[in-house]
Amino acid sequence: MAASCARTVGSFLGKCGSCSSSISAVTSQLSRQVLSRQICVSSALRRKNLAAAGPEKYTMEYIKKQVEEFDIGKRHLANMMGEDPENFTQEDIDVRVPCCLCGHPDQVFPKQRAIQWGEDRRPFHFLFYTGKQSYYTLMHETFGKILVIEKYQDRLRAKGLLTKDIKQISLSASRWLKKEELEELLVENISIQDYNRFIQLMESLLSMPYCTIEEEFVLRYRQNLEAQSRKQAMPVLERDERGVAFSTADGRRKTSDSTVTLRDCGSGRITINGRDYLQYFPVLQDREQLMFPLQFMGMLGRFDLECTVSGGGRSSQAGALRLAISRGLLSFLSDGEMENMRQAGLLTPDPRVRERKKPGQKKARKKFTWKKR
Amino acid sequence: MRSRLTFRGTLASMAARALMKGLLGLRPSRAVMVGYSVGGHHYSTAASIKPPPPQIDDSNVTDKILSLPLEKPDFFRVSELVSLKELFDARVHLGHKKGCRHRLMEPYLYGCRLDHDIIDLDQTVEHLQLALNFTAHIAYRGGIILFVSRNRQFCHLVENTAKDCGEYAHTRYWQGGLLTNGNIQYGPGVRLPDLIVFLSTLNSVFQQHVGIRDAAKMNIPSIGVVDSNCNPSLLTYPVPGNDDTPVAMELYCRLFKMTIKRAKDKRKQMELLQGLCSTGPDRL
């Protein structure tokens with residue numbers, strides 16, 4: 001840079017005659033000195049410092065060439081396979097050539113920014129000189145929206161129509177975009193502080209009562225959560241010869257397996273393995289476990305239960321039966337009631353199993369007596 | 001020995017850059033500063049050099065377009081935009097308290113009333129006219145103007161002003177090497193701003209903005225609205241005035257926007273005129 005500047009300065013001084021300005025006189029001396037010094041530079045300095053160059057940057061022409069070559073290759077493949085070259089999509093390639101390591105160049109080469117300035121070298125974006133133009137444009141836009149909402153509220157207040165109870169934006173079904181997702185959206189790197197600032201600004205926007213005006217803008221930066229209550233595998237509701245509805249369901253707990261058939265229009269009789277439940281479970285606690293799902297839904301005397309259970313002990317059999325009863329009940333319930341059951345924990349299978357004994361210990365957790373010396 | 005080498009190197013590059021900046025707009029035949037007088041102050045020209053023989057028609061036309069504004073002192077009539085009454089109504093004369101006063105601002109102060117400093121609006125008018133005239137010339141020549149203000153209250157206003165005139169703004173956290181390390185920050189071959197306008201010279205912690213020092217280092221002329229607690233030394237065109245009141249800030253933004261738009265329109269007009277003049281005789 002200095003050398004090129006010095007050279008141009010030298011040429012400029014050569015063009016016009018004597019310049020009386022002192023700066024140029026000094027420059028000419030210095031430039032000559034600099035020029036003479038530049039000649040005896042060692043070859044080691046001229047070698048490119050590849051490590052300092054950073055990750056390889058692909059130019060737009062290179063990527064365009066790659067895209068063209070990819071399209072030509074795709075058409076060749078289509079011809080070879082005997083398919084129509086015009087409508088040969090990426091899925092067809094994946095099916096035909098499953099071991100193909102590279103995809104479309106747009107996925108292979110990371111998303112980069114094109115040159116940010118035009119022919120006269122004036123940058124395109126008005127916030128170019130901040131360094132993070134997309135992020136700061138976003139902040140600028142968001143603040144603009146806040147001002148719009150404030151003005152709207154002021155106008156309503158002036159007319160006397162300001163009310164606090166307006167429909168708010170439903171935010172329960174979504175979450176804010178994560179930092180990585182925002183970076184992807186903006187094609188720019190942001191720091192954690194910048195991200196937190198952005199979230200803070202959005203929260204302040206949402207705290208205003210009339211934020212529903214800018215709902216569409218806010219939802220652009222929110223990600224929908226997957227439905228929490230995944231569709232439970234509901235047992236089929238069958239009808240027997242008499243027209244009575246019944247359903248069958250399974251349940252497991254520890255090492256016990258159970259199958260339960262719930263029959264509607266019953267009187268609350270429970271039969272387990274052919275025996276009455278009072279006989280099978282002498283202990284009150286186990287019988288309570290059986291009754292809990294029905295009592296929770298308020299359908300105690302409605303169903304007749306026919307159960308079979310095997311394996312495990314008294315308590316685990318009761319738990320397995322409870323799960324089976326809850327599952328069987330699902331086909332008789334609405335979605336809201338099913339959500340209630342899920343929240344109560346009736347539909348979650350208990351994952352606890354017996355932990356194995358480890359060598360070097362007495363039991364699963366109990367250790368041998370620790371001796372200091 | 002090596003340190004002396006690098007020092008000379010930077011001096012050479014800085015001086016070379018200053019001359020290059022002159023080369024951007026002017027032909028090598030003219031000196032950097034051309035004489036003009038504003039408000040009765042005369043600015044001396046450097047000794048003029050013999051003009052080169054006329055070359056191609058195109059460069060002659062550009063020459064004419066670029067040299068025409070330099071003939072009159074107030075070519076863009078910026079003195080019409082600024083009036084003392086307007087400044088007074090926008091409360092530009094209100095400075096900070098006596099305790100916050102910066103020593104170098106004392107020549108710009110009219111006085112002190114009940115511990116509040118009052119800025120001399122006569123001087124403000126002069127300085128503002130100089131500054132606006134300079135902005136107009138830079139905008140006429142297609143220079144890049146960067147608006148800087150670290151006052152959070154007016155960040156949105158300044159950015160909107162910059163967007164409206166088609167210039168650039170930076171009202172956010174100033175990273176260290178934005179001007180001095182431009183090639184690495186933005187990419188190789190970036191063009192740095194030709195003028196930086198500080199609508200508030202202090203940053204959020206009441207220290208002088210880093211941009212003033214950086215602009216001086218990179219030989220970029222700077223205009224700055226200096227309040228009674230600011231340091232006007234490194235600015236090329238300081239404008240003493242209030243930088244905390246919303247009315248005053250809106251006034252400054254409006255003035256700069258109007259001058260820049262005026263200058264750009266004038267340039268387009270000139271290009272059309274000269275284009276017509278140059279093609280007219282050819283057609284005949």
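This briefing walks through selected helices, strands and single residues of the structure above. The model is predicted. Chain A has 15 helices and eight strands. Of its 373 residues, 34% are buried.

**Chain A overall**

- Take the contacts in chain A between residues at least 6 apart in sequence. Of these, 65% join residues at least 24 apart.

**H8(A) against H10(A)**

- The crossing of H8(A) and H10(A) is left-handed.
- H8(A) brings Tyr135(A), Leu138(A), Met139(A), Thr142(A), Phe143(A), Lys145(A), Ile146(A) and Ile149(A) to the contact.
- H10(A) meets them with Asp194(A), Arg197(A), Phe198(A), Leu201(A), Met202(A), Ser204(A) and Leu205(A).
- By type, the residues of the contact between H8(A) and H10(A) are ten nonpolar, two polar and three charged.

**H8(A) against H5(B)**

- The crossing of H8(A) and H5(B) is left-handed.
- On the H8(A) side, the contact uses His140(A), Phe143(A), Gly144(A) and Leu147(A).
- On the H5(B) side, the contact uses His156(B), Glu159(B), Asn160(B) and Lys163(B).
- The residues of the contact of H8(A) with H5(B) split into two nonpolar, four polar and two charged.
- Phe143(A) is listed in the contact with H10(A), and Phe143(A) is listed in the contact with H5(B) too.

**A three-stranded sheet in chain B**

- Chain B holds an open sheet of three strands in the order S3-S5-S4, with antiparallel pairing.
- Strands S3 and S4 of chain B stand at the edges. Each has a single partner strand, so one side of each is left without a neighbour in the sheet.
- From one strand to the next, the twist averages 30°.
- Strands of a sheet pair through backbone hydrogen bonds.
- S3(B), residues 94–97, pairs with S5(B), residues 116–119, over two bridges.
- Leu94(B) stands opposite Ile118(B) in S5(B), and Lys97(B) has His116(B) as its bridge partner.
- S4(B), residues 109–113, pairs with S5(B) over four bridges.
- Arg113(B) has His116(B) in S5(B) as its bridge partner.
- S4(B) and S5(B) form a hairpin with two residues between the strands. There, Leu114(B) takes a positive phi near 50°.

**A covered strand in chain B**

- Strand S9 of chain B spans residues 222–226, and five of its five residues are buried.
- In a regular strand the side chains alternate between the two faces of the sheet.
- In S9(B), Ser222(B), Gly224(B) and Val226(B) point one way. Ile223(B) and Val225(B) point the other way.
- S9(B) runs parallel to S8(B), and three bridges join them.
- One bridge pairs Phe198(B) with Gly224(B) in S9(B).

**Single residues to look up**

- Cys265(A) has a positive phi of about 50°, although it is not a glycine.
- Cys265(A) sits in the loop between strand S5 (256–263) and strand S6 (270–272) of chain A.
- The relative accessible area of Cys265(A) is 67%. Cys265(A) counts as exposed because that value is over 50%.
- Phe206(B) is not a glycine either, yet has a positive phi of about 60°.
- Phe206(B) lies in the loop between strand S8 (195–200) and helix H7 (210–217) of chain B.
- Phe206(B) is exposed, with a relative accessible area of 67%.
- Thr124(B) belongs to helix H4 of chain B, residues 121–140.
- Thr124(B) is buried, at a relative accessible area of 1%.
- Leaving aside neighbours within four places in sequence, Thr124(B) contacts Leu87(B), Val92(B), Ile119(B), Val239(B) and Pro240(B).

Terms used: Residues are numbered from 1 along each chain as its sequence is written. Chains are lettered from A and ligands numbered from 1 in the order in which they are written. This is a predicted model: local features need pLDDT of at least 70, side-chain atom pairs count only at pLDDT 80 or more; totals for chains, interfaces and linings use all residues. Side-chain values use heavy atoms; hydrogens and water are left out. A crossing is left-handed if the near helix is turned anticlockwise from the far one by less than a right angle, and right-handed if clockwise. Contact means heavy atoms within 4.5 Å. Ala, Val, Leu, Ile, Met, Phe, Trp, Tyr, Cys and Pro count as nonpolar, Asp, Glu, Lys and Arg as charged, and the others, Gly among them, as polar. Buried means under 20% relative accessible area, exposed over 50%, partly exposed in between (1.4 Å probe, protein chains only). Two strands pair if DSSP finds at least two bridges between them. Axes are lines fitted to C-alpha atoms, for helices over the stretch in contact, and angles run from 0 to 180 degrees between N-to-C directions.
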